[in-house]
Amino acid sequence: MAGFYTGRNGSDQLSVFLVAIALVIAVAASVITDETARIATGAVAIALALWAFFRMMSKNIGRRRAENDTFLSLIGQSPEKKARREEKKTHRFFRCPKCKGMCRVPKGKGKIRITCPHCGEQFIKRT
Ligand SMILES: [Zn+2]
């Protein structure tokens, strides 16, 4: 087993999500009384679980990472958005009155003169 996971994608958020959905569907399938519908629903759960397993075992890590990034941005958890949320805790964002460009300034500095990095316009804001 040593080295089995080397060079493989391993579990990521998308795979965990797929397994979770597969479990929910499997539980839902178990309470369906109609046999054909139960088997069909169960097959969907198995397909999702297999997909998750395939992704974890995949050696095409670049491709899998891209899929995971797409998934994360779909649920609003993309690394860029996350970084932006973190920035909002420590920085404030103002629009330049002249060029409407975004200016980022550190929070809690009181009244400060902001120089727009885009056009050089200066304006006073409280942070
Ligand atoms: Zn400006």
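Modeller: Helices (H or I, at least four residues) and strands (E, at least two) are DSSP runs, numbered from the N terminus. Local features in this predicted model need pLDDT of at least 70 and side-chain atom pairs count only at pLDDT 80 or more, while totals for chains, interfaces and linings use all residues. Residues are numbered from 1 along each chain as its sequence is written.

Biologist: Okay, which helix does R65 lie in?

Modeller: The protein chain has four helices and four strands. From the N terminus on, they run α-α-α-α-β-β-β-β. One of the helices spans residues 61–74, and R65 lies in it: helix α3.

Biologist: And does R65 count as buried, partly exposed or exposed?

Modeller: Let's count C-beta atoms, placed from the backbone: 20 or more others within 10 Å of a residue's own make it buried, 12 or fewer exposed, and anything in between partly exposed. R65 has 13 C-beta neighbours inside 10 Å, so it counts as partly exposed.

Biologist: How far apart in space are R65 and S15?

Modeller: Along the sequence, 50 residues separate R65 and S15. In space, going C-alpha to C-alpha, the distance is 11 Å.

Biologist: What about the domains: how far apart do their C-alpha centres lie?

Modeller: Domain bounds here come from an automatic or database domain assignment. That gives domain 1 at 13–77 and domain 2 at 86–126. The C-alpha centres of domain 1 and domain 2 are separated by 44 Å.
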